[in-house]
Structure formats: C-alpha cells, structure tokens
Amino acid sequence: METHQDYTGSKIGMWLFLLSEILLFGGLFILYSSYRYKNPLDFHLAAWELNRVLGTINTLVLITSSLCMALSIFFIQKGNRKLSALFLFATIFLGLLFLGVKYLEWTAKIEHGLYPNSPRLIGRPKGEVLFYGLYYSMTGLHGLHVLVGIFILSVMLVLIMKGKINENRFVPLENTGLYWHLVDIIWIFLFPLFYLIT
Amino acid sequence: MESKKYQTYILVWLGLVILTGITVSMAGMNLGRLSIGIVLAIAAIKSGLVFSYFMHLKYETGLLFKLMIPIVLAALTIFIGLTFTDIAFR
C-alpha cells in the first residue's frame, strides 16, 4: 500500500514552528540585553558567580548530542536502523546528562540562598535580582524544551525499533532532529550571555 | 541529498568544539566591551554551522527555505534596533 507523504509540507510546517520559537526566545534576549544595558555593573557581578565550568560542560554535552542526532538521521536514510537507534539513544542520554548538570547547578545556587524572592537575593542590588530572575526563567524555559525534546526523542526511538520509522519514512525523525538542533542553538546563545560576558 | 557524508558532521562538531574553546578562553582575558562583540560573533558562527549542516539548510533547494530564516532574523533585528533606540534616547 502506498501512503502519501508531503515531505516539503511537513518540513516547512516544522520550520514555521521553529521560527516562532526563535521569536519567543528572541523577545527574552531583548529583555535581557536592555536590563543589562541599564545595570551593567550588577549584571557583571552576578554573572561572575555562575559556575563557568558546568556551563562549558553542558555546552559540549549539547553540541555532542546534536552530532548524535544528525548521525541518527544519516543512518536511518542509509537504511541502517540499528546504528540509527544507537545514536538516537546516545542523544537521549546526553539530553538527560544536560538536565542532570543543570539540576546540580540550580541546587547549588538555591543552597546558597540565590533563588527568586529569596531573602538573600532581595537584599541585593536591583540589577542582580533582575539577573537571577532572567537566569532562572530563561535557562528554565530552555530546560523545559530539553525535557520535551527528550520525550519526543524517546517516542521516535520506540518507532524506529518497531520499524515504523525506516529508510522510506523518516520525516518525523528529521523534524524531531530540527527541534533538537534549535534547542542546541538557543543554548549556544544562552551560554555566553549568562556565563561568559562578565 | 547524496552529497551528505557522516564525516562532514564530525568535522562540523569539531568546529563547534573548537569555537566553544575559543569563546571560553576569550572570556578569561579581560577585553572589556570588545569581548561582548567577539563572544556574540562566535555564537553566530556556531549557530550558522548548526543551521546549515545539522539542520540541512545548505541542502534545501526551495526558495521558501532560503527566505524564511533571513526574514525572521530581519524582524528580530528590527525589534532589537527599535528597543535599543528607545532605551538610548529616552
């Protein structure tokens, strides 16, 4: 039985969704930069306190997971379902690792009394309160995207193992990959803005 | 479609890792205001690599694909520009 697949249509649909995501995070980036422009010194001091090593590790983890995702799609197109599933599993594992590092980072900050509305943070200058508010909401929203991505990737892994996604029908896996790479791109910008520019 | 090779992906990944290393070590040096520009330029190059190779934009043929992203980036640039003229001249 021949089923109709609109390859271009579904890809353009996915891209339209991704572009709306770019505008969503873009709005937050504008908010960040205008507050940074108004409180340069407070932002400088607050950014100094973030853990740069954990941030760098997470960047490398996410970049590598993007590579695994691209390889997974490459191998499904070549008809090698086993390698495709293996690389998809690696992508999921690295996504979980990213969230694990994020968890460590957040708990360390919360133990130091630095969380929104905490007594210690309220006593600090206004710019630092803004910095941590943006830090938690932007990395939090990004983390939520990673979590959703891991869920969708897991569904794809099941579909590959069941043979529902194969060398003739791989558009769902490609679209999931597009989403995962976009989440990586957002982190590529979040990382220098919060951890590096001091 | 057949031009895609897995070696390309590994090279792109290597490029991303090297660029990450450059930004992190740049941040260690005290370059002042210049560092914001450099760090953002490197982030732009990195996202360009992901867009064109990992997300296959380099291999897409339709005019729509070639136009969509520049249009959205232009819209974002206009937003950023208007916001900053508002903040600077208020």
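A crossing of two helices is called left-handed if the near helix is turned anticlockwise from the far one by less than a right angle, and right-handed if it is turned clockwise. The structure to which this is applied here is a predicted model, in which local features need pLDDT of at least 70 and side-chain atom pairs count only at pLDDT 80 or more, while totals for chains, interfaces and linings use all residues. Residues are numbered from 1 along each chain as its sequence is written, and chains are lettered from A and ligands numbered from 1 in the order in which they are written.

Chain A has seven helices and zero strands, where helices (H or I, at least four residues) and strands (E, at least two) are DSSP runs numbered from the N terminus. Read from the N terminus, its elements therefore follow the order α-α-α-α-α-α-α. The C-alpha trace of chain A spans about 70 × 30 × 25 Å along its principal axes. Of its 198 residues, 37% count as buried, a residue being buried if 20 or more other C-beta atoms, placed from the backbone, lie within 10 Å of its own. Two residues are in contact if their C-beta atoms, placed from the backbone, lie within 7 Å, and among the contacts in chain A with a separation of 6 or more, 79% join residues 24 or more positions apart.

Two packed helices are described by the angle between their axes and the distance between the axes. Here the axes are lines fitted to C-alpha atoms, for helices over the stretch in contact, and angles run from 0 to 180 degrees between N-to-C directions. In chain A, helix α2 (residues 40-48) packs against helix α6 (residues 126-162) at an angle of about 55°, with the axes 8 Å apart. That makes α2(A) oblique to α6(A), because angles under 35 degrees count as roughly parallel, over 145 as roughly antiparallel, 65 to 115 as roughly perpendicular and the rest as oblique. The crossing of α2(A) and α6(A) is right-handed. Residues of α2(A) including A:Phe43 and A:Leu45 meet residues of α6(A) including A:Phe131 and A:Tyr132. The residues of this contact divide into six nonpolar, one polar and two charged, with Ala, Val, Leu, Ile, Met, Phe, Trp, Tyr, Cys and Pro counted as nonpolar, Asp, Glu, Lys and Arg as charged, and the others, Gly among them, as polar.

Helix α6(A) also packs against helix α4 (residues 81-111) of chain A, their axes coming within 10 Å and crossing at roughly 155°. That makes α4(A) roughly antiparallel to α6(A), and α4(A) passes α6(A) in a left-handed crossing. Among the residues that meet are A:Leu88, A:Ile92 and A:Leu99 in α4(A), and A:Val146, A:Ile150 and A:Leu157 in α6(A). By class, the contact of α4(A) with α6(A) holds 15 nonpolar, seven polar and two charged residues.

Chain B is divided into domain 1 (1-59) and domain 2 (61-90), with bounds that come from an automatic or database domain assignment. The centres of these two domains, taken over C-alpha atoms, are separated by 21 Å. Also in chain B, α1(B) and α2(B) pack at an angle of about 170° with their axes 10 Å apart, and are therefore roughly antiparallel to each other. Their contact includes B:Leu16 and B:Leu19 of α1(B), and B:Ile42 and B:Ile45 of α2(B).

Finally, the two chains meet: 29 residues of chain B are in contact with 29 residues of chain A. On the chain B side, the elements giving two or more residues are α1 (6-28), α2 (33-54) and α3 (63-88). The residues of that side divide into 21 nonpolar, six polar and two charged.

Note on methods. A residue is buried if 20 or more other C-beta atoms lie within 10 Å of its own, exposed if 12 or fewer, and partly exposed in between; C-beta atoms are placed from the backbone.
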